[in-house]
Amino acid sequence: MTRLSLFLALAAGAGVFVVQQPPQPPPQPPPQPPASQGNQTVRIGVDVGGTPKLAVAPFIALSNDAETVAAAKTVGDVLFDDIAYEREFYMIGKDAIATIPRPTSLDDVPLDRWKELNADGLVIGSVRKDANGIVVQVKVIQVPTGRVAFGKEYSGSVANPRRYSHTIADEFHKQQVGLNGVARTYITFSSDRDADRMRGPVANRDVQEIYFTDYDGANPQKVTNTRTLNITPAWSPDNQVIAYTSYRPSGPQGFGTFQDVILSFIHTGQRATPTSGSPQNQNYLPAWSPDGSKIAFTSNRDGNPEIYIMNRDGSGVRRMTNHPSIDVNPTWSPTGNQIAWVSERTGTPKIYIMNVDGTGQRSLVNEECYRPTWSGEPFNEIAYAAKTGPGFDIKIYSFATGESRKITDGIGTNESPVFSPNGRHIAFTSSRTGKVQIFTVARDGNDLRQITREGNNKFPNWSR
Amino acid sequence: MTKMRYAAVVLGLLAAAGCGGKKPPVAKPLPPTTTTSTPPPPTPAPPQPVPDTTPVPPEPRISEDPLVSSDLDAINKNSPFQPVFYALDSYEVDAAGQQVLTADAAILKKYPTWVITIEGHCDERGTAEYNLALGEKRALAAKTYLVSLGIPADRLRTVSYGKEFPFDPGHDEGAWKNNRRAHFVVTSK
């Protein structure tokens, strides 16, 4: 039952491209009008210097039924947000766009009017019904020349129109600027939004369950339903598994609990417990190696919080730290050759780095700091939570400069940073609106977006 | 089974009263709510004007110990155990904490079948991930001290809730102080 509903939820969420089993099928739409002339990509605003200006026209609903009209509006609006998110293009405001008559056809576009807005590129699209759902067509036109820079057609379910926008945005960014966008990624986190209470002897304890949403917070989907604490979720690099820390019951009435790492195979509903925990062997804060073959985690199996690495099936456990103080919260370098973690061996909690064989342990920055997250090329940075006052702020350390910069502003407390897979964005938690919510921000500290609003939401982790 | 345990406890009490000599027989940590209608023990035979020591110690009243008969839920809702409190960012059991643990150890000795889970908790000022380890260190420190007082380690489980389950939802010094603790839950009896 749970499995079935989870699977259905996933299928609905993935919407457009019927979730066949494992690898989420990358949509392979037939290129419609040729996107490139010969081998030469038509680039929007390539000769303008600075950021090209892009206009997104309202998408055309090719029939008047409410579903199609709503889908057309959603696809256009979300596409605007998705492209704006990567800031490769200057997005011409919707007020300005509203001064131009809405397009009614993809083939008859009054380019003169768009030239008046100084648009370098124009995105136009349409949505129509077909037997299986909807067909979305999109074109991006180089306004000065009228040449088509990007043109595709997608078809699928009408259940989740946002997925079309995300796919268009990622493919457009890839084709135009060689960028791996994040519009089709997900963010997983733990949430008490159900306001369920733990069973047990102590009153007023809210359960937390694992959820994930689209990168922008839309389409929340529930992964766990065990009515206990389920926290610190982590996507496997192939996006098939979420590893997390679960508080499992012990004792005849479950009044004791212990922490253990659980792997949830989200497309099949199966679970695994590779660390085989017990009250004497507790395991938490799992972190996947970049190739998905190993998991680093924290355990008290030897009587103290230490860092361990194991193969994802639980075999080959290796102890990485050996110090009577706290060692906790490992994360991997993008190459998988190093581990960053938090230790208070000098009395103040700080981030340390070591090689995966345990050698070369050294501290990263000389300040009280927590929860490292590591981005690869081209940025090669570590984001972390630094004690900056009564609370924390997110900082980013650059290996290139050897220096850190602060990207949050001391409002509320800001914790648990995690990089997007392309290293350009950070998700983190903040108490700035009262409860703890998840926000994303660009790595330069701009473009703050709140992506959760219901209950408290913690421990974000970004899919690939 | 329960009866046997009950009998064992009563025997234990009698033994304590009999041989303890100097110690008053068992200070009851809990309000003697339900006193059964057992008649007061008949006073021993009248003669014997032995003046000095009292030959018959005041016999412990055979009362129903609510902690013996209650279920886990009831025990935990009115727990006999006191929590240990910690300083900011610390997992050291201070003098006050040692006193509390000494009293808690006495309860554990009185109910030798009980297994408890020591929950480590933190205030909201640390980061959520780090606090999972900090709470664990607090629970482990309390456990270590109880073991040093003679409680078998296999009766003491630990778990850390970090800052996920604050006892006081406030955001001030008073709340923080209250939330940095090792809290005891009877897991089986």
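**Close-up views of a two-chain predicted model**

View 1. Chain B has a mean pLDDT of 78, and 67% of its residues reach 70 or more; pLDDT is the predictor's confidence in each residue, from 0 to 100. Residues 1–46 of chain B fall below 50, and beyond near neighbours in sequence this stretch has 35 contacts in the model. Two residues are in contact if their C-beta atoms, placed from the backbone, lie within 7 Å. For the complex, the predictor gives an ipTM of 0.90 and a pTM of 0.85. This is a predicted model: local features need pLDDT of at least 70, side-chain atom pairs count only at pLDDT 80 or more, and totals for chains, interfaces and linings use all residues. Residues are numbered from 1 along each chain as its sequence is written, and chains are lettered from A and ligands numbered from 1 in the order in which they are written.

**View 2. The side of chain B that touches chain A.** Here 22 residues of chain B are in contact with 33 residues of chain A. Helix H3 (72–77), helix H5 (128–148), strand E3 (156–162) and strand E4 (181–188) of chain B each supply at least two residues. Helices (H or I, at least four residues) and strands (E, at least two) are DSSP runs, numbered from the N terminus. H5(B) gives the most, with 8 residues. By class, this side of chain B has 10 nonpolar, 5 polar and 7 charged residues. Ala, Val, Leu, Ile, Met, Phe, Trp, Tyr, Cys and Pro count as nonpolar, Asp, Glu, Lys and Arg as charged, and the others, Gly among them, as polar.

**View 3. Helix H5 of chain A.** H5(A) spans residues 162–177. Its 16 residues reach 22 Å from first C-alpha to last, close to the 22 Å expected at 1.5 Å a residue (1.5 Å times one less than the number of residues). Of these 16 residues, 13 are buried (20 or more other C-beta atoms within 10 Å of the residue's own, C-beta atoms being placed from the backbone). Just after the helix, Gly178(A) takes a positive phi of about 65°.

**View 4. An open antiparallel sheet in chain A.** Four strands run in the order E28-E29-E30-E31. Strands E28 (414–419) and E31 (449–450) of chain A stand at the edges, each with a single partner strand, so one side of each is left without a neighbour in the sheet. E28(A) pairs with E29(A) (residues 425–433) over 4 bridges; pairing requires at least two bridges found by DSSP. Val418(A) has Ala427(A) as its bridge partner in E29(A).

Definitions and conventions
A residue is buried if 20 or more other C-beta atoms lie within 10 Å of its own, exposed if 12 or fewer, and partly exposed in between; C-beta atoms are placed from the backbone.
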